[in-house]
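Here is a short report on one protein structure. Keep the sequence and the 3D view open as you read.

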Amino acid sequence: ISKMSKLHDEKYRNWDKLANELDTKLDVEESLEKEEASKSLGHDKAVYSSSQAEEVKKAEQIALLKTAMSKQKEMEDSLKLVVTNEDDDAKSSSSSSSSSSIIVDENYLKGKKVVVFRNVENKTYTVTSPLIKVFLEHCKSFTLNVNSNIITQHIEISNCSSLTLNVSQRCSTVQIDLSSSCTCNYSPSTFSGIDDRLYHAGATDLKVNYAGQTVECDYVKDGARQRGEQSKEEYQFAVFVNEGKLVNEPLTRIGNKFLTGDIKDEPSALTSTMITEKLKEVTQHKEEGNEAFKNGEYAQAVLFYTLGVEKVTPILPNEIYPMLLSNRSACFLKLGHHEKALKDASECVAVSPSNVKGLFRKGVSLHAMGQWKEACEVLTECLRLEPGNKQAKQARQFAEVKLQMDMRKRMGA
């Protein structure tokens, strides 16, 4: 247990530090801007009625939320490093060999934690410093060596060709979409976990190598087909290790989740021990997210809830998935990401229509996005299920006031 605890602490140490810095910065900036926002809304002038005071207060809240959302986006952008061919031409030309690897270390990153390789050609990069996430977009004849931890254990590849990904640290999720002639090489012990997957859609001539085994993937040859509005190129497959064998199987969608292979085979694929272990993992991530949320570390809470969401399967109790979505929606609301909050809350309600917290957060998200009528409808349903919910009552009152104001404005125009 001690060893696992140390590994867990090491895995999230960088993200923990980063999340705390973001939250602290946001709190400080919000307090400094509050007075200025108040003045700009006319709060330095006299208010002559309680209704006017209430409208002023709500306007201030909206203004502060918009400011917080803008600041959060700025901070996220400040963590992202976009790498293009032009960015490293000087480095490549000054090297003794044009094919030499460019080292992505702390000096190269200069404080950035998310790297996007975009339109890079004929280059090799080696990551030696921990990152939060890695994206590869429209790259050609490109090699990426991952020799350091990816904190979210997630790499996304899209619209690339002749690409080689060499993974020497465990990365539980690699997504490859609309790409051709790509090769993914996993070092020993980096791709054997129960949740380790390489997902692909619209990929041709894809090779995955692990433990002396090779799987060749091609979405057309593998039987991709159109499903409703989903095109063949969007048909998902997953490569993973099953009983020591590297396999490539189609994904079958059930509601908002995916199963590999035939649906009827899935229950037997998971032993009772594996189900118990998976439930423990998901529950642990939920509790870690709850603790981070209580401490005001909303960005870190999002990470924990996301880890839980990604590990949920239909075999687990039905209430776990919507609970994680509802909790993550609350985090996004705190961070000012209203569209993301709405997406999670909507999905929560879709799989659990009577989930009061999901309905409440959906209503608040719609309210924050200025969709007053829709917010009133959702919050009314929330109150139908739980008439004594004071927060829902107050939120609906706010939405009704804003809807009436909006209607008056339109009539006046």
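## The whole protein

This is a predicted model. The protein has 413 residues, and 44% of them count as buried. DSSP runs give twelve helices and 16 strands.

The accessible surface comes to about 21,800 Å². Carbon and sulfur atoms make up 50% of that area. Now take the contacts between residues at least 6 apart in sequence. Of these, 44% join residues at least 24 apart.

The largest nonpolar core has 41 residues. Which residues have the most contacts inside it? They are Phe117, Tyr125, Leu136, Leu144, Leu165 and Leu198. A second, separate core has 21 residues, including Ala292, Leu307, Tyr321 and Leu333.

Leucine 165 shows what such contacts look like. Leaving out residues up to four places away in sequence, leucine 165 touches Leu144, Val146, Ile155, Ile157, Val174, Thr183, Cys184 and Asn185.

## Cysteines without a bond

How many disulfides does a search of the whole structure find? It finds zero. Cysteine 171 is in no disulfide, and its nearest cysteine sulfur belongs to cysteine 184, 8.3 Å away. A disulfide is a covalent bond between the sulfur atoms of two cysteines. The cut-off used here is 2.5 Å between the sulfurs.

## Salt bridges

The structure holds nine salt bridges. One of them joins the side chains of glutamate 156 and lysine 133, at 3.2 Å from N to O. Glutamate 156 lies in strand 7 (residues 154-158), while lysine 133 lies in strand 5 (residues 133-137), so this pair ties together parts that are 23 residues apart in sequence. Glutamate 156 is partly exposed, at 29% relative accessibility. Lysine 133 is partly exposed too, at 21%.

Aspartate 205 and lysine 207 form another salt bridge, at 2.9 Å from N to O. Aspartate 205 has a relative accessibility of 36% and counts as partly exposed. Lysine 207 is partly exposed as well, at 28%. A further salt bridge links glutamate 377 with lysine 373, and their closest N and O atoms are 2.8 Å apart. Both residues sit in helix 11 (residues 372-385), four residues apart, and are separated by about one helical turn. An α-helix has 3.6 residues a turn, so residues three or four places apart point the same way. Glutamate 377 is partly exposed, with a relative accessible area of 46%.

Helix 7 covers residues 298-311, which is 14 residues. At 1.5 Å a residue, helix 7 should span 20 Å. Its end C-alpha atoms are 20 Å apart, so the two values agree. Helix 7 is mostly covered, with twelve of its 14 residues buried. Among the buried ones are Tyr298, Val302, Leu303, Phe304, Leu307 and Lys311. Leu307 also belongs to the second core.

Helix 8 covers residues 320-335, which is 16 residues. Is helix 8 largely enclosed or largely open? It is largely enclosed by the rest of the structure, because 14 of its 16 residues are buried. Glycine 336 follows helix 8, and its phi is positive, near 85°.

## A buried loop residue

Where is aspartate 218 found? It is in the loop between strand 13 (213-217) and strand 14 (237-242). Aspartate 218 is buried, with a relative accessible area of 15%. Buried means under 20%.

Aspartate 218 and glycine 202 are 16 residues apart in sequence. In space, their C-alpha atoms are 7.7 Å apart. Not counting residues up to four places away in sequence, aspartate 218 touches Ala203, Thr204 and Asp205. Asp205 is also the partner of lysine 207 in a salt bridge.

Note on methods. Residues are numbered from 1 along each chain as its sequence is written. This is a predicted model: local features need pLDDT of at least 70, side-chain atom pairs count only at pLDDT 80 or more; totals for chains, interfaces and linings use all residues. Side-chain values use heavy atoms; hydrogens and water are left out. Helices (H or I, at least four residues) and strands (E, at least two) are DSSP runs, numbered from the N terminus. The expected span of a helix is 1.5 Å times one less than its number of residues. Buried means under 20% relative accessible area, exposed over 50%, partly exposed in between (1.4 Å probe, protein chains only). Contact means heavy atoms within 4.5 Å. Accessible areas come from the Shrake-Rupley method with a 1.4 Å probe; for residues, only the protein chains shown count as cover. A nonpolar core is a set of buried Ala, Val, Leu, Ile, Met, Phe, Trp, Tyr and Cys residues joined through side-chain atoms within 4.5 Å. A salt bridge is a side-chain nitrogen of Lys or Arg within 4 Å of a carboxyl oxygen of Asp or Glu.
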